[in-house]
Amino acid sequence: MAKWTAFPHLGDYQFDRASVKKHWLRLHAGDAEPLPSSPQVIDAWALFHNGEFQKAAEAGVAAGGDGITVANKATAIYANYLEKKEKVRLDLFTEVAQRAALQASDHPGNANAWYWQAYALGRYSQGISVAKALAQGLGGKVKDALEKAIRLQPHHADAHIALGTFHAEVIDKVGTLIGGMTYGARKDLGLKFFQEAIRLQPASAIAMIEYANGLVMLEGDKKAREATRLYEQAAAAEPFDAMESLDVELARAELQG
């Protein structure tokens, strides 16, 4: 495995097995992942929350079982925020999607196996262009996997965000009529999923960012002011771990740009 780009603020977060267990509900408010019983998996999560994404991915794969979820999240978050080469990014998303699909096949009741499959396919789709991904049939796979994740875990805030984004991006790219008839995308549902994500995790910077983006895609310029307000709230959030730090930095960069 090639060496990954380092998280720019290594050392800012110092989670260990004990502190990960203590703060589990706060750290996993977005993905609703159950607290693992394996100490090795918890150690892999500590690496993830500290921003040691490559080590977390390797430790998760080595641990197996629930560790696959750590590996998938670490790889996907790294690819989304820190990998500079587009081909490598797409390859990493493909790797996550394949690993998560296998996990979902072995453990169909695991909500995050479905979620990380959908997340990786969704980010891959954005990379190759949403229109091209829809033509390849990836839209249906993303939607089905997210709906399964939410059925299995109704409090999965991140899955609500992603499903809201699905509806918004499809309508943005192909329009309301084709989006609804061909892909089951609806503006009212997209907004509802974003709003539920915010209700489930009101302090989440990424929920605010994606809701802001979705508002503009679904409602146009008339929601630009509200979208800016959401970005400002996200930029002012206090990150609790490395991933949240990347979310907050994204909001700040967008406002400055």
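Which residue just after H4 takes a positive phi? Gly 64 does, with a phi of about 70°.

Before the points, a word on the ground rules. This is a predicted model, where local features need pLDDT of at least 70, side-chain atom pairs count only at pLDDT 80 or more, and totals for chains, interfaces and linings use all residues. Residues are numbered from 1 along each chain as its sequence is written, and side-chain values use heavy atoms, with hydrogens and water left out.

1. Helix H4 covers residues 53–63, and Phe 53, Gln 54, Ala 56, Ala 57 and Gly 60 are buried there (buried is under 20% relative accessible area, exposed over 50%, partly exposed in between, with a 1.4 Å probe and protein chains only). Seen down the axis of H4, these buried residues fall within an arc of 160°, so they line one face of the helix; the arc is that of the directions from the helix axis to the C-beta atoms. Their packing partners are helix H3 (39–50), helix H5 (67–81) and helix H15 (242–256).

2. Have a look at Arg 89 too, in helix H6 (residues 86–106). Arg 89 counts as buried because its relative accessibility is 14%. Leaving aside residues up to four places away in sequence, Arg 89 touches Ala 79, Asn 80 and Glu 83 (contact means heavy atoms within 4.5 Å).

3. Leu 177 sits in helix H11 (residues 176–183). With a relative accessible area of 62%, Leu 177 is exposed.

Methods
Helix = DSSP H or I, 4+ residues; strand = E, 2+ residues; numbered from the N terminus.
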